[in-house]
Amino acid sequence: MLKSCQRLLTITLLAVPALLSLACGSNAEQRRCRSAVALKDGLGLSAGTWETGTAVRPKAIETRESIDPIPSNCSGPIDSRTVGEPAYETSTATADSMKTSSAPVGSDPVDTGGSAVPGYGRPDPGQPMTAGLLTAGSFDDAMNFEIFKKYWNQPVSNGMSWESINNEQVQWASIADLTPPKRFAGSRPTALDLSLIIDVTGSMGDELDYIKRELKNIVDTIHQRYPDVKQRFSLIVYKDQGDEFITRGHPFTEDLSSFQSFLDQQSAGGGGDYPEALDTALSEANSKLQWGDAQTAKLSFLIADAPAHDNKLAETFNSLLQLKDKGVHLYPVAASGAADAAERIMRYGALVTGGEYLFLSDDSRIGNAHAEPHIPCYYIRKLNEIMIATISAELEQKRRDPLPSEVIRTVGTPLMGACQ
């Protein structure tokens with residue numbers, strides 16, 4: 001009897017992979033199948049979190065669940081139809097993945113001693129994913145309003161029509177009539193509402209795992225630095241129409257472990273074209289998040305590399321104005337691939353809500369190439385230090401320039417947020 005049971009157990013265990021293969025198809029499909037089930041079970045969508053959009057297969061041109069880092073010893077293209085676990089998988093180039101530099105994957109024109117080259121998205125395989133690796137700059141358009149007006153009135157290189165042509169579709173206030181709000185104009189808050197809004201389409205995969213580590217460090221640091229401030233955190237991740245979901249969200253919570261668990265289970269995939277469902281994510285930041293009272297510092301980091309679709313610009317800008325009316329300060333973080341249209345929406349959103357524009361840089365040597373912003377002066381620092389300083393400034397109602405030891409690189413002559 002014992003031997004019979006052992007044989008039955010062995011047969012059952014051997015049959016599991018075959019049954020999984022029949023149910024889910026290829027290795028890639030198996031990963032999607034397991035990921036979808038684990039995500040649904042783990043996120044507890046019935047317990048406060050939400051999801052919008054129809055559960056469908058990713059767009060036909062997107063053949064992977066996420067963009068995986070490619071080991072440095074790989075040579076030549078990898079066929080996603082034959083790759084198996086734990087090997088990596090790639091897909092054909094898509095419009096979404098082409099937001100970044102056109103440098104061919106797999107060719108390193110510069111010898112860097114094993115470290116990554118900006119534009120190739122392959123960090124040193126021996127470098128652990130920890131906080132303090134990503135680098136970024138920041139710019140306060142409200143303190144440099146004349147610079148912003150000149151930038152806004154320049155033609156857009158990708159052909160998008162803005163204030164000069166598209167005024168009938170997008171009803172925003174003329175830049176000439178806009179008065180930037182003051183960011184620090186009250187007493188020190190007694191509470192913090194911090195919302196993260198993150199684009200998790202395929203082109204964000206090169207930095208998403210690093211951002212998870214950065215955000216955990218930021219949340220932990222703020223929690224330790226301001227223990228007397230009531231702190232709540234929320235998260236909205238979004239993709240686009242035609243992906244397996246459009247948005248997923250976690251409402252404000254004081255439970256850091258719940259928040260971090262929700263974040264950790266997100267992966268990049270889908271997309272397919274340049275614009276994404278930014279309008280939906282911003283709309284839900286208004287409609288689904290219950291922001292605090294006047295004694296609460298309310299801010300949101302929007303981490304993305306793409307604008308909204310042209311026909312959703314009106315909704316996008318309307319949501320930005322609604323956030324402004326709620327007293328929410330938006331701090332966009334432009335990731336690799338953020339071109340003119342994305343920069344414009346992000347900088348406008350930061351300006352009208354009283355936030356500041358942040359942008360990742362190539363100094364970290366992580367991820368795909370990052371476009372230089374249309375900004376004449378800024379400091380490059382570690383991203384986590386900038387975000388911690390941003391939150392601290394909101395809680396203390398004052399700003400400070402970075403210490404010399406925090407500055408990696410300086411462009412122009414910035415001083416207390418203004419170009420000299």
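I began with strand E7 (residues 329-334) and strand E8 (residues 357-360), which pair in the parallel sense over 2 bridges. For my own record, strands pair if DSSP finds at least two bridges between them; helices (H or I, at least four residues) and strands (E, at least two) are DSSP runs numbered from the N terminus. Ala 334 stands opposite Phe 359 in E8.

A note on the source: this is a predicted model, where local features need pLDDT of at least 70 and side-chain atom pairs count only at pLDDT 80 or more, while totals for chains, interfaces and linings use all residues. Residues are numbered from 1 along each chain as its sequence is written, and side-chain values use heavy atoms, with hydrogens and water left out.

Next I traced the whole sheet. I found 10 strands in an open, mixed sheet, in the order E1-E5-E4-E3-E6-E7-E8-E2-E9-E10. Strand E1 (50-52) and strand E10 (409-411) are the edges, each pairing on one side only.

Then I asked which strands helix H8 touches. Helix H8 (residues 340-353) packs on the sheet against strand E2 (135-139), E6, E7 and E8, where contact means heavy atoms within 4.5 Å. The direction of H8 makes about 155° with that of E7; axes are lines fitted to C-alpha atoms, for helices over the stretch in contact, and angles run from 0 to 180 degrees between N-to-C directions.

I looked up the cores too (sets of buried Ala, Val, Leu, Ile, Met, Phe, Trp, Tyr and Cys residues joined through side-chain atoms within 4.5 Å). In the largest, of 44 residues, Phe 148, Ile 197 and Tyr 348 touch the most other members. H8 gives the most to this core, with 7 residues. Another core, of 43 residues, lies apart from it and includes Ile 222 and Val 333.

The axes of H6 and H7 come within 9 Å and cross at roughly 25°, so the two helices are roughly parallel (angles under 35 degrees).

Is Thr 316 buried or exposed? Thr 316 sits in helix H7 (residues 313-325) and is buried, with a relative accessible area of 0%. Leaving out residues up to four places away in sequence, I listed the contacts of Thr 316 as Leu 278, Asp 279, Leu 282, Ala 308 and Ile 345.

Definitions and conventions:
Buried < 20%, exposed > 50% of the residue type's maximum accessible area, 1.4 Å probe, protein only. Parallel < 35°, antiparallel > 145°, perpendicular 65-115°, else oblique.
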